[in-house]
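These are my notebook entries on one structure. I look things up chain by chain and write down what I find.

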Amino acid sequence: MTSGTEAAVARPQEIRRGREVSTTPRSPSEGDSRRGPAGLDIVEISAWFGETQVLDDVSLSVPSATVTALIGPSGCGKSTFLRILNRMHESVPGAKMAGEVYLNGEDIYAPGHRPTDVRRQIGMVFQKPNPFPAMSIADNVVAGLALTNTKVSRSDRTDLVETCLTRAGLWNEVKDRLSRPGSVLSGGQQQRLCIARALAVQPKVLLMDEPCSALDPTSTRRVEETIAELRYDVTIVIVTHNMQQASRVSQQAAFFLAEQDTPGGIVECGPTTDMFSNPSDQRTADYVNGRFG
Amino acid sequence: MTSTIGAPSPLVPFKRKEPRLLLPGLDPSDRIFHGTARIIGMFVLVMTGAIGIFLGYQSIPTLHHYGFHFFTQTAWQPELDKIGIASVLVGTFEVALVAMTVAFPLALMLALFITDYAPKRVKSWLISAVDLMAAVPSIIYGLWGFYLLQPQAINLARWLSQYFGWFPLFHVDTDANAAVWQQSRYTSSAFIAGLAVSMMAIPLACAVMRAVFDQAPIGEREAAMALGATRFGVARTVVFPFAKGGIIGGTMLALGRALGETAAVLIIVSPDFQIKARILEAGTQTTSALIAGYFGDATKSQLSALLTAGFVLFLITLVVNTGAAVVIGRSRSGASTEI
Amino acid sequence: MAALHVVEAVEPATEPAKKRPPRKIRAFTIDDWFSTIGSLLASLALVWIVYDHILDGSGILGFAVCWYMAFLIVYAAVASVSNPRHIVVDRMVTVSLYIAAAIVIGALASTVIYTFFEGWRAFVHANFFTHDMSAVSPTAPLNQGGILHAIVGTIIEVGIAVAVSVPLGVGTAVYMTEVGGRGSKLVRTVVEAMTALPEILAGLFIYVVLIVGFGMSKSGLAVSAAMAVTMVPIIARASEVALRVVPSGLREASSALGATHWYTVRKVVLPSALAGLGTAVILAIARGIGETAIPLICSGASSFLNFNPSGVPMNSLPLFIYTAYTTHEPGAIIRAFGAASVLLTMVLALFVAARFLLRDKSARR
């Protein structure tokens, strides 16, 4: 598989970021607070849209350098939960939340933290690929740097573009047409471009909201391979409807459920293999065996 | 005998058939309806087209008489048979350009404010306020401009001419540094008229820009936000590139309106038939103010001259407005934007 | 690989959930408030001191401009201390946008308020609304004479114009959307082009053709004709939009029931589009009553109350305002503002009616 060799490429170079100058990269499992994947401790999250509560006291612990899958039927609040993790939920008018989300021990909702800074550390890839059509492929990849005022020298920039596209499994397909606009790519390629773009700002956690649901099976497979390789560089939380996908890519899974007219929450959570072969809750067993959902 | 379900009947051999000719015809009432609608449409077409043709036709004797000098002559002295629209056209553009220089940034900023920054409850009120601004008659802006704005604005004009008078645009033929300065040299200028006209240009441009900003795809907006962009970062990366056509088109529409504006200019401006770049100085003339001011005593031939001036104005606004429609229609946001 | 934690999650609806109230998420911290207000005050103080010396007191406008510039500079400096550059830029833009919105809304508010402020002395007198100016000179005191003739004139002129242009405009829109065909594309192009026609050219056209050409006298009828010329394209285009928005499913349903096209349009399409059509007409009316150049050219500023639209000059509000203004007499100016207030009130009323028509009728409030 060519993707294996693509993934084993050198890490991104030093980047001058605003005022700080980053140190040399560490190995993945150390959960270093400067770079590399980090864990999330999510404590008693509740969410409202206006007066309607959609999540009630949900807690979850996401270890660093793993892939955690959020599964469950539609409308249980999985996407809302995901958006709380990178502070996108509050951009909806009338949206409210309660609880804390700890990234490396710090609550991202504490008053001193700006949402824009949080989103640099916790990135997101969306269901529908959304590259910026006015920019070339290369510009798309580094778009996040320009948006957060991270200065990169010209040579660093080309290296970064190559590294991120490689990690996203797209380099070989686009290396000859980096200056073409992002919209000329196919759906699967666009989604991998979005992944590369998210990776370029070097987040500690990457959130993925059903990233393959709009893609054909071949592209889905490629994205799943990418996800499996990325987890050493960045902790991944992925929302998916596809249980086979969850069992393929994740180490830990959390099953969301919402009864009629009640807010959603996590019914069960644990290692993926246990969830599928030997779930403790009857509802989980019903769902993974396809009896509803 | 039971027949096999789904198999074609063996009795009729397969023949390639021609498509059937269907001539349903129209119901009698529909015939009348379509006919009437067609007549109305044609009538409106003829009537509106006739205006353009008529104005053009009336210009022929004037152009015949004065020839190309009509466009180079600055004076308007019918009794000396010296008529030309050179200064008038320059004045029209000066007033319109002042108006657009003020209106463009304000309209753009207001449109962005309404779509991205205004709190939800305030948003609909702001949209109504902009629509109301478009509905206010121009004569009211004229009165406002003359009685309220002008006394304040001439101070600004004087300040500009004091410190930037070396630049021909801001120069005024008077001593700006005198302790008692000549206020009358600053009133009734293209600058002040332009400010009043901008009040009519702003809502027009803002409405188009706002409609286009609202259509910026939310997927791209979210992508930018998820990368850590600030609100302005999202506007810069997603909204403005998307809305380029709407921004340019809306500005051109507003320009078309500014070129044809009459009442406010009539009230504020004192006629002066010179070509001059000194917009802060008193006196200028625009095409529509010329027509409104001089049609009364016009003889047949002078009337024809005014009509020619009107025809030129019509052509200019036509080009500007058609250009605006094309730019908007071709843009990413184009198809669904109503201007 | 780090050890995985298995956390017991809270099961919904079976445990008494500990109710945590929503958090207040402040986008603007205390530090931000202080730096904004501090910069405002500092720049104000700075400009206050400096203004009189450098700029010789050039009026309020100049002061405001200088304060704005000073504020931007001070705020940028203050914000840069604790924020990276893109945040500072974002803050500056936010502040500028708020100020721009305030400028525009302020200008609109000042126009409306100033008009009423200058005109109120006229309409505290009841005679302002019940008399005309026939027996009264323009310089007469305000308890004599009035603008009844102008109000009546405006209503009659606009009324005739509407009666003519609504059928033509809506009919053209129906032609363009329902009947279609090759001609309709041409009609649409021409109609769109004509919405750009400056009102003075419409007036000039009518003047030369009807008044000079056919010898018609300057009258309310001529004004109505010219108004119709400007109103028809506006109504046609706005109505076309309103009709196009009617879902084609409705039309198909009606045809499937066997209705003729005319019946469909009359009973299904037009009623659905009624709100949009009404708004189109109202907007055209608001445009028409404010036009000054047309009555200036096609009618005369008579001072008599006159209900006859043909043969005799008919005054109207915008024309009255303009002619009163040209006298430059203080009494006449007040009357002008009084008339302007009446005109503005009419526009406001029309505007509120348009908003009312377009209100969100769904129960989703």
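Before counting, I note what I count: helices are DSSP runs of H or I with at least four residues, and strands are runs of E with at least two. I also note that the model is predicted.

**Entry 1: chain B by itself**

I looked up the helices and strands of chain B and found ten helices and two strands. Going along the sequence, I read the order as α-β-β-α-α-α-α-α-α-α-α-α.

Next I asked why chain B counts as more spread out than a compact globule. Its radius of gyration is 28 Å, while the globule rule gives 20 Å for 339 residues, so chain B is well over the value for a globule. I also took the spans of the C-alpha trace along the principal axes of chain B, which are about 120 × 65 × 30 Å.

I then checked burial and found that 52% of the 339 residues of chain B count as buried. For this I used the cut-off of 20 or more other C-beta atoms within 10 Å of a residue's own. Last, I took the contacts in chain B with a separation of 6 or more, and 77% of them join residues 24 or more positions apart.

**Entry 2: chain C against chain B**

How many residues does each chain give to this contact? I found 77 from chain C and 70 from chain B. On the chain C side, helix α3 (residues 85–123) gives the largest share, with 19 residues. I sorted that side by class and got 55 nonpolar, 17 polar and five charged residues.

**Entry 3: chain A against chain B**

Here 21 residues of chain A touch 16 residues of chain B. I listed the elements of chain A that give two or more residues, and they are α3 (115–121), β8 (122–125) and α5 (143–147). Of these, α3(A) gives the most, with four residues. By class, the chain A side has ten nonpolar, seven polar and four charged residues.

**Entry 4: the domains of chain C**

The domains do touch: eight residues of domain 1 and seven residues of domain 2 take part in the contact. On the domain 1 side I count four nonpolar, two polar and two charged residues.

Methods:
Residues are numbered from 1 along each chain as its sequence is written. Chains are lettered from A and ligands numbered from 1 in the order in which they are written. This is a predicted model: local features need pLDDT of at least 70, side-chain atom pairs count only at pLDDT 80 or more; totals for chains, interfaces and linings use all residues. Two residues are in contact if their C-beta atoms, placed from the backbone, lie within 7 Å. Ala, Val, Leu, Ile, Met, Phe, Trp, Tyr, Cys and Pro count as nonpolar, Asp, Glu, Lys and Arg as charged, and the others, Gly among them, as polar. The radius of gyration is taken over C-alpha atoms; the globule rule is 2.2 Å times the number of residues to the power 0.38. A residue is buried if 20 or more other C-beta atoms lie within 10 Å of its own, exposed if 12 or fewer, and partly exposed in between; C-beta atoms are placed from the backbone.
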